[in-house]
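Colleague: I would like to learn how to read the features of a structural model, taking one at a time. Could we proceed from the general idea to the particular case?

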Amino acid sequence: MSYSIYICGVGGQGIIKTSVIIGEAAMNQGLDVVMSEIHGMSQRGGSVSTELKIGDFNSSIIPDTTADMLLSFEPIETIRGLHKVNKDSKIVYNTHPIIPSSTNEAYPSVDSITNALKENFTHVLPIDATDLALDAGNILSLNMVLLGAVTADDNFPLSKDSVIDAMKNNLHPKFHELNLKAIENGYNSIKG
Amino acid sequence: MNLKELVTGESGDKQFLLGNEAAVRGVIEAGISIAATYPGTPSSEIGNILSVLAKDANIYFEFSTNEKVAMEVAATAAASGLRSFTFMKHVGMNVAADSFMTTAYTGVNGGMVILSADDPSLFSSQNEQDTRNYARLANVPVLEPSNCQEVKDMVKYAFDLSEEFNLPVIVRTTTRVSHMRGVVEFGDVKDNSSNNDNHWMRGHFDKDPSKYVPVPAFAGKMHERLCDKISKINNETNNSKFNDSTSFANNKKYGVISSGSAFNYAFDVIKYNNLDMDILKIGFSYPFPDKKVLEFIKDLDEVFVVEEVDPVMEKEVLAIIGRENLDIVVHGKLDGTLPQCYEFNSDIVSKGFNNVLNFMNNENITFTDSLNELSDSIPSRAPVLCAGCPHRAMYYGINIAIDELGLKTSDVVFASDIGCYTLGINPPYNAADYLLSMGSSVGDGCGFSVSTDQKVASFIGDSTFFHSGISPLINAVHNKHNFVLTVLDNRITAMTGGQPNPGIPVDGMGDEAPEISIRKLALACGVDYVRVINPFNLEQVVKTYKEAFERDDTVVIISKAPCTLIKGLTKKPPVTLVESNCNHCDKCVNELACPAISKVAGKIEIDKSSCDGCGVCIQVCKYGALEVGK
């Protein structure tokens, strides 16, 4: 068994925490897991990405075109992560844009992104994670919505319960109820 | 995981740890008493965690003013019989080098380990230097972990090795190892209980000038002892469990020697492509395990050496082949099989092997034109100064002052330094023209002021000023240099994640500490014109810089306002837009370039969630379209 997820987005969206929760859940299920993360500029609006590899791997970097899933917290970051995927990979992404402030370059329409992805890939799964997070009760549960969406993939090797246990071990109890709702929202948006 | 589990965790426990967290568990298992650092990414988290755990773990921990001081704190602790740990980013070794070199001569009693984190691909550094060269320069052993478990195990082992041979030991990580996560199984913790009223153990320094004072009469003997130790440690590296081969080959024609992260890529590429090669991992790489390597290569025709940054092991392998008069081809960085610069990954290593072995079938994935066009046109997302950052306000103001003085941008050289404020390099500020190292802005100011007739503005952060800005400032005053030094005092070491520094009344363990005044330091260095300004007061900023640029001596302006990321600051309400007043001059967007202000569909928008209410934009707008929020 092996399963690789490339997770990308913008600093402050909870990408690293989401990745750690998946990694810890994998460990708790007795699986080997390695992860790579890039720090440093995350608080200053830069792109952030992590790479998670569950299975018998030494390297924590996903070779190009081999990710089973691309999980993107932001539309254009999805495009930036495409070198990791192939035609059979699952592409799950949040459709809510974060416009970069450091540039005057035009931001493409989200529809044009979705259409271009659908032309090229079999499993394109856009979700309005921002909306689902607000529905759960707080925009900050965005990462939990996307975490729920990951667990809905049939090939994802971890159980939703073990992911929820790892979430509880990593986040403050006062947010558990909110996060559970967000995870369910994300899960149902893919399954439903 | 709760960080406390790094202290309370028991042998056999498993945790999913960051490499830097694994290093902390390693020093806790090793029972250290003293730890000191200057923060530097990719090693920063080690200090952040130790500052929280020090008291629970019976460790004295400090953020030293610079890496050389940290090295000296660790060296003297080890000379006093305690186990000590210092850690830094790779360029920190340059600062620490003077004392580090001599520590190899004097040796240690308690174990002393130096963790130096290299940054191939320069994620957050000014160069790609390779710490393994320092091991050779000083004649000090080096270990190279390739994963989180090894970080923990090698750090712990390094203390035993250091104590056995009375020598400091280097553990060299890279960004991908420090910032990798993996499953780590804990081991036993060595007792380091305090023997006194402090929370950490005290040692005793037994005087012996022939051992600790490298005057010429003694230093020569010290060098002899060092060479003797290293030749003995060579037996250790030749028999070390950290230098171990894995067999994949049927034919002994090709082989791979590798270390660190590069080993992970090489191993996976061999395994998942069924390549007919064995691989030797070198985890304990100096003194180079020559006998083990000879045994591995002697029957091969060709060998790949896969390592990140410099071709250090490759040259060692070539030396063995030369000495033994063998006929083996070496592939690596020197023959162009693998790239000289940037970090590796599996794709790069595959390509390198493929240059010789031709095993890849080059199937490219092609995309439709619409996706290709989209890929080429998506906006970049470069890091920027935060909304509400005091540095932006100061840079905006200094550019106005230069303009009002009738100077051209080319008339003023901006000597920058290491910190968030280096982001001033970006337009519209364009406020970084020259940069060498921590503290260099001040020495560079001295040089430019005698070498050109241009005005010079040097920028340095508070922490960087304490690190290495003071002695060049004394130089500036004494040698009558003419430049404007701005100390951007944002009350924290921001770029590395918010560590305290001597300008703040808190030390590395969270206790109260004397606050050192930058203003008084500047005055004591002999500077006549020292001004403390509030960067958010634009009028004051412009007036002060205009005055400063017209002087002909060394000037210090302290731009003092807290970093917006400091926790617990009272937030001001976001700025309000009065749309009817907006004249669409776009000054707030194009010249101030605050990330909280953008222009969407021809209209100015304020992002209320990121606006910090600093109010600089209100002063920038001449039409009253921006108002203090309520």
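Modeller: Let us begin with angles. Axes are lines fitted to C-alpha atoms, for helices over the stretch in contact, and the angle is taken between N-to-C directions, from 0 to 180 degrees. Please keep in mind that this is a predicted model.

Colleague: Which strands does helix α12 of chain B lie across, and at what angle does α12(B) run to β10(B)?

Modeller: Helix α12 (residues 290-297) of chain B lies across β9, β10, β11 and β13 of chain B, and its direction makes an angle of about 155 degrees with β10(B).

Colleague: In what order do the five strands of the open sheet in chain B stand?

Modeller: The order is β9-β11-β10-β13-β14 (chain B), with mixed pairing. At the edges stand β9 (243-246) and β14 (329-331) of chain B; each has a single partner strand, so one side of each is left without a neighbour in the sheet. On average, neighbouring strands of this sheet are turned by 20 degrees against each other, direction ignored. Within the sheet, β10(B) and β11(B) pair in the parallel sense over five bridges, and Ile257(B) stands opposite Leu280(B) in β11(B).

Colleague: Which strands form the open sheet of eight strands?

Modeller: This sheet takes strands from chains A and B, in the order β6(A)-β5(A)-β4(A)-β1(A)-β3(A)-β2(A)-β8(B)-β1(B), again with mixed pairing. Its edge strands are β6 (123-127) of chain A and β1 of chain B, each of which pairs on one side only. Between the chains, strand β2 (residues 33-37) of chain A is joined to β8(B) by three bridges, and the two run antiparallel. Ser36(A) stands opposite Met180(B), while Met35(A) has Arg181(B) as its bridge partner.

Colleague: How many residues does each chain give to the contact?

Modeller: Chain B contributes 37 residues and chain A 46 residues. On the side of chain B that touches chain A, the elements giving two or more residues are β1 (14-18), β8 (180-185), α11 (260-272), α14 (346-357) and α15 (369-377) of chain B. Of these, α15(B) gives the most, with five residues. By class, this side of chain B has 18 nonpolar, 13 polar and six charged residues.

Colleague: Is α11(B) mostly covered or exposed?

Modeller: The cut-off matters here: a residue is buried if 20 or more other C-beta atoms lie within 10 Å of its own. By that criterion α11(B) is mostly covered, with 11 of its 13 residues buried; Phe263(B), Tyr265(B) and Phe267(B) are among them. Elements that cover the buried residues of α11(B) include β10 (254-258), β11 (277-282) and α14 of chain B. The helix α11(B) reaches 19 Å from its first C-alpha to its last, close to the 18 Å expected at 1.5 Å a residue.

Colleague: How does one read the two faces of a strand?

Modeller: In a regular strand the side chains alternate between the two faces of the sheet. In β4(B), Ser84(B), Thr86(B) and Met88(B) lie on one side and Phe85(B), Phe87(B) and Lys89(B) on the other, and all are buried. Strand β2 (residues 34-37) of chain B is joined to β4(B) by four bridges and runs parallel to it. Six bridges join β4(B) to β5 (residues 112-118) of chain B, also in parallel. From β4(B) the chain crosses through helix α5 (residues 92-106) of chain B to β5(B), a right-handed β-α-β crossover.

Colleague: Which residues other than glycine have a positive phi?

Modeller: One of them is Arg491(B), with phi near 60 degrees; Arg491(B) is partly exposed, with 19 other C-beta atoms within 10 Å. Another is His584(B), with phi of about 60 degrees; His584(B) counts as exposed because it has 12 C-beta neighbours inside 10 Å.

Notes:
Residues are numbered from 1 along each chain as its sequence is written. Chains are lettered from A and ligands numbered from 1 in the order in which they are written. This is a predicted model: local features need pLDDT of at least 70, side-chain atom pairs count only at pLDDT 80 or more; totals for chains, interfaces and linings use all residues. Two residues are in contact if their C-beta atoms, placed from the backbone, lie within 7 Å. Ala, Val, Leu, Ile, Met, Phe, Trp, Tyr, Cys and Pro count as nonpolar, Asp, Glu, Lys and Arg as charged, and the others, Gly among them, as polar. Two strands pair if DSSP finds at least two bridges between them. The expected span of a helix is 1.5 Å times one less than its number of residues. A crossover is right-handed if, with the strands pointing away from the viewer, the path from the first strand over the helix to the second runs clockwise.
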